[in-house]
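Keep it brief, and tie each contact to its place in the fold.

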Amino acid sequence: MEALVLGVLPYITVAVFIVGMVIRIRIWMRTPQPAKITLFPAPCGGRARFINVLKESFLFPSLFRGDRTLWIIAWLFHLTLAFVFVGHVRVFTDFPRVWAALGIDADTMSAAGGGVAGVLILTMALLLTVRRAAMRRVREVSQLADYLALFLVIGVILTGNLMRFGDHFDLQLTRAYFTDLFTFSLGASSYPANGMFAVHFLLAQILIVFMPFSKIMHFGGIFFTQTLIQKA
């Protein structure tokens, strides 16, 4: 299982994700686009539509107008997710010269900031799950895949928090493992001796494989659908 999860599955995961993304993008690009319509005072130029897409992508104004409670939860979730994603870059590599130039203790910052982010994003994910199950109008339009996505996200976050607050996590050994993984030079000695890391990485890979075929891909589709909406 260790060789399968840590040695074989990562390559399958990347291949499936790339193929799935290509298929998804082809579907988006083939979506019929409405003819350009000029309705004053609505912005009709390409630049104006691009700015509106950026606003929708980062500030969620339409969600703010429709459901401010959900807007707060969703915005905090996505903001924390971006922070966590950036923080995970240190799992693969580090930038000691940058930290020294900025006078930052990266390990201390990561420990404090990562801990807060882990707790906050888990709270937001649980609130989104409770909302989906408790609100009738949301529950009626929810499918099994929607709950599966949330459970996978919660599983990844929870196991990540358990590694941070529980089992010892050797960052150097993990970096060495990913270096061997990227250079196709894995061996039995490359695998991190951490069971929670294996579970965390397995759930993350399942989530990555699931992403191109689920609603999680809204972060990519918004650049197509919002442009279509602006044109219409």
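This is a predicted model: local features need pLDDT of at least 70, side-chain atom pairs count only at pLDDT 80 or more; totals for chains, interfaces and linings use all residues.

Phe 184 follows helix H10 and has a positive phi, near 55 degrees. At its start, a side-chain oxygen of Asp 170 comes to within 3.1 Å of the backbone nitrogen of Gln 172.

Which residues of H10 are buried? They are Thr 174, Arg 175, Tyr 177, Phe 178 and Leu 181. Seen down the helix axis, these buried residues fall within an arc of 160 degrees, so they line one face of H10. Gln 172 and Leu 173, on the other side, are exposed. The buried residues pack against helix H1 (2-29), helix H5 (89-92) and helix H11 (195-210).

A pair of aromatic rings is described by the distance of the centres and the angle of the planes. The whole structure has 13 aromatic pairs. One of them is Trp 71 with Trp 75, stacked at 6.1 Å centre to centre with 20 degrees between the planes. Both lie in helix H4 (residues 68-87), four residues apart, about one turn of the helix. Trp 75 is partly exposed, at 28% relative accessible area. Phe 178 and Phe 182 form a tilted pair: 6.1 Å centre to centre, 35 degrees between the planes. Because they are four residues apart in H10, about one helical turn separates them. An α-helix has 3.6 residues a turn, so residues three or four places apart point the same way. Still, Phe 178 counts as buried at 5% relative accessibility, whereas Phe 182 counts as exposed at 52%. Both belong to one aromatic cluster, together with Phe 92, Tyr 177, Tyr 191, Phe 197 and Phe 201.

Next, helix H9 (residues 144-165), where Ile 157 sits. H9 has 22 residues and reaches 31 Å, close to the 32 Å expected. Its buried residues include Leu 150, Val 153, Ile 154 and Ile 157. What covers the buried residues of H9 includes H4, helix H7 (106-134) and H11. Ile 157 itself counts as buried because its relative accessibility is 11%. Leaving out residues up to four places away in sequence, Ile 157 touches Phe 77, Gly 118, Ile 121, Leu 122 and Ala 125. Gly 118 is 39 residues away along the chain, yet the two C-alpha atoms are separated by 6.8 Å.

How many salt bridges are there? The count comes to five. Asp 67 and Arg 131 meet in one of them, at 3.6 Å, N to O. Asp 67 is buried at 16% relative accessibility, and Arg 131 is buried at 18%. Asp 67 also forms a salt bridge with Arg 137, the closest N and O atoms being 3.3 Å apart. Here too distant parts are linked, with Arg 137 in helix H8 (residues 136-140), 70 residues apart from Asp 67.

Glu 140 pairs with Arg 136, closest N and O atoms 3.0 Å apart. The two are four residues apart in H8, so about one helical turn separates them. Glu 140 is exposed at 57%, and Arg 136 is exposed at 60%. Shared partners join Asp 67, Arg 131 and Arg 137 into one salt-bridge network.

How values were computed
Residues are numbered from 1 along each chain as its sequence is written. Side-chain values use heavy atoms; hydrogens and water are left out. Rings of Phe, Tyr and Trp (its six-membered ring) pair if their centres lie within 6.5 Å; planes under 30 degrees apart count as stacked, over 60 as edge-to-face and the rest as tilted. Buried means under 20% relative accessible area, exposed over 50%, partly exposed in between (1.4 Å probe, protein chains only). The arc is that of the directions from the helix axis to the C-beta atoms. Contact means heavy atoms within 4.5 Å. A polar contact is a pair of N or O atoms within 3.5 Å; within protein, one must be able to donate a hydrogen and the other to accept it, and residues adjacent in sequence count only if both atoms are side-chain atoms. The expected span of a helix is 1.5 Å times one less than its number of residues. A salt bridge is a side-chain nitrogen of Lys or Arg within 4 Å of a carboxyl oxygen of Asp or Glu.
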